[in-house]
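This report sets out the strand and core organisation of the structure shown below.

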Amino acid sequence: MRIRFHIEKRLHSQCNDFALNCSLETEDDSLVLFGPSGSGKTLTLTALAGLMRPDAGFIEINGRVLFDSNKNIDLPARQRKLGYVFQDYALFPHLNIRDNIGFALAKPFRGMSQRDANRVDDLLDLFGLSELALRSPRMISGGQKQRVALARALASQPEALLLDEPFSALDQPLRKKMRNELSKAAELFDIPIIMVTHDIVDVEELGKSVAVYRHGQIVRHGAVNDVAGEDWSGLFGATTNASQNLEQHQSQVCSTSKQRSHLQSAAM
C-alpha cells in the first residue's frame with residue numbers, strides 16, 4: 001500500500017478551536033495512528049474514509065486520488081473502496097447478523113445476487129458466525145460484534161481496511177484474541193490496514209509503521225521497531241479542553257456520517 005496525505009481541518013466551538021494539520025507518506029501495509037485521545041487520529045481516519053471533508057489538502061492511496069482541494073476532487077465514501085470498522089461497530093439493530101454483513105452488497109428491492117450471498121456465507125463461516133447468522137446484534141457478545149463488523153467491512157472486497165480503536169470496548173484477554181484474529185484476517189485477505197489506537201500493545205503487535213499524534217499534528221513517523229522503543233512519557237499529558245471538544249465533535253461527525261453513508265448505500 002502506498003498512501004500519501006496532507007489534511008487540514010479546523011474545528012470551532014464556543015470556547016476553543018482545534019486545528020488538524022498533518023502529512024504522511026508510507027508504503028507499509030500496516031499503519032497505526034497512535035496518540036492520546038483528542039489528538040486528531042479519528043479525524044484523520046474519517047477524512048481518509050470520506051466521512052469528513054478536509055478544509056484543504058489531498059489524499060492518495062495506491063496512486064488513486066480520493067481528495068484534492070486544489071483540483072476539487074472529493075470521492076464519496078462509497079466510491080473510495082475502503083472498509084471501515086467503527087469504534088462502536090455501528091451494527092444495524094433491526095438487521096440480523098447475516099443481513100448486517102451483506103448490507104453493502106444488497107441492491108434495493110432486489111437483495112443480493114447468488115454470488116454475493118455465497119460470499120456472505122463464506123464470511124460467516126470464516127469468522128465463526130454461521131450459527132449466529134439469524135440473531136440480532138443485541139443477542140451476541142462484544143467479541144462477536146467485532147467479528148461481524150470486520151466481516152461486513154470485508155464483504156465489499158475493499159482495497160484497504162480502516163479501523164477506529166477496534167478493541168477499546170473489549171477486556172484484556174479478549175483484546176489479545178481479537179488482535180490475533182485481525183492479523184490473520186489481514187494476511188488471509190492480503191489487505192492493508194490503517195488503525196487508530198492509543199494502546200501501545202496494538203502498535204507493537206499489529207503495526208509495521210506508526211504515526212504519533214499530538215495536538216493535531218504528526219510529531220513522529222517511522223517503523224514500529226524504531227519508534228516504539230522511544231520515551232513517550234510526555235505524550236499522554238492531561239487532556240486539554242480543546243481535545244475534549246474535539247472528541248465531542250468527532251463523535252458528532254461519525255454519527256452524522258454513518259447515517260449519511262448508510263443512506264447512500266441503501267440508495268445504491
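## Basis and contacts

Contact here means heavy atoms within 4.5 Å. The coordinates are a predicted model, in which local features need pLDDT of at least 70 and side-chain atom pairs count only at pLDDT 80 or more, while totals for chains, interfaces and linings use all residues. Residues are numbered from 1 along each chain as its sequence is written, and side-chain values use heavy atoms, with hydrogens and water left out.

Under that contact criterion, and leaving aside neighbours within four places in sequence, Leu-150 touches Val-85, Phe-127, Leu-161, Leu-182 and Ala-185.

## Nonpolar cores

A nonpolar core is a set of buried Ala, Val, Leu, Ile, Met, Phe, Trp, Tyr and Cys residues joined through side-chain atoms within 4.5 Å. Buried denotes under 20% relative accessible area, exposed over 50%, and partly exposed in between, with a 1.4 Å probe and protein chains only. Helices (H or I, at least four residues) and strands (E, at least two) are DSSP runs numbered from the N terminus.

The largest such core comprises 40 residues, and Ile-101, Phe-127, Leu-150, Leu-161, Leu-182 and Val-210 have the most contacts inside it. Helix α4 (residues 142-155) supplies the largest share of this core, 7 residues. A second, separate core has 34 residues, among them Leu-11, Phe-18, Leu-51 and Ala-211. In soluble globular proteins, nonpolar side chains tend to be buried together.

Two strands count as paired if DSSP finds at least two bridges between them.

Within strand β3 (residues 30-34), 5 of 5 residues are buried. Ser-30, Val-32 and Phe-34 lie on one side, with Leu-31 and Leu-33 on the other. Strand β3 runs parallel to β9 (residues 193-197), joined by 5 bridges, and Leu-31 has Ile-194 as its bridge partner there. By contrast, β10 and β11 are antiparallel and share 6 bridges, with Arg-214 partnered by Gln-217.

An open sheet of 5 strands has the order β2-β1-β4-β5-β6 and antiparallel pairing. Its edges are β2 (17-26) and β6 (73-74), each with a single partner strand, so one side of each is left without a neighbour in the sheet. Strand β1 (residues 3-12) is joined to β2 by 10 bridges, and Ile-3 stands opposite Thr-26.

Helix α1 (residues 41-49) lies across β1, β2, β4 (56-61) and β5 (64-68), at about 115° to β1. Thr-46 belongs to this helix and counts as buried because its relative accessibility is 2%. A polar atom of the Thr-46 side chain lies 2.9 Å from the backbone oxygen of Leu-43.

Notes
Axes fitted to C-alpha atoms, helices over the stretch in contact; angles between N-to-C directions. Polar contact = N/O pair within 3.5 Å; in protein donor to acceptor, adjacent residues only side chain to side chain.
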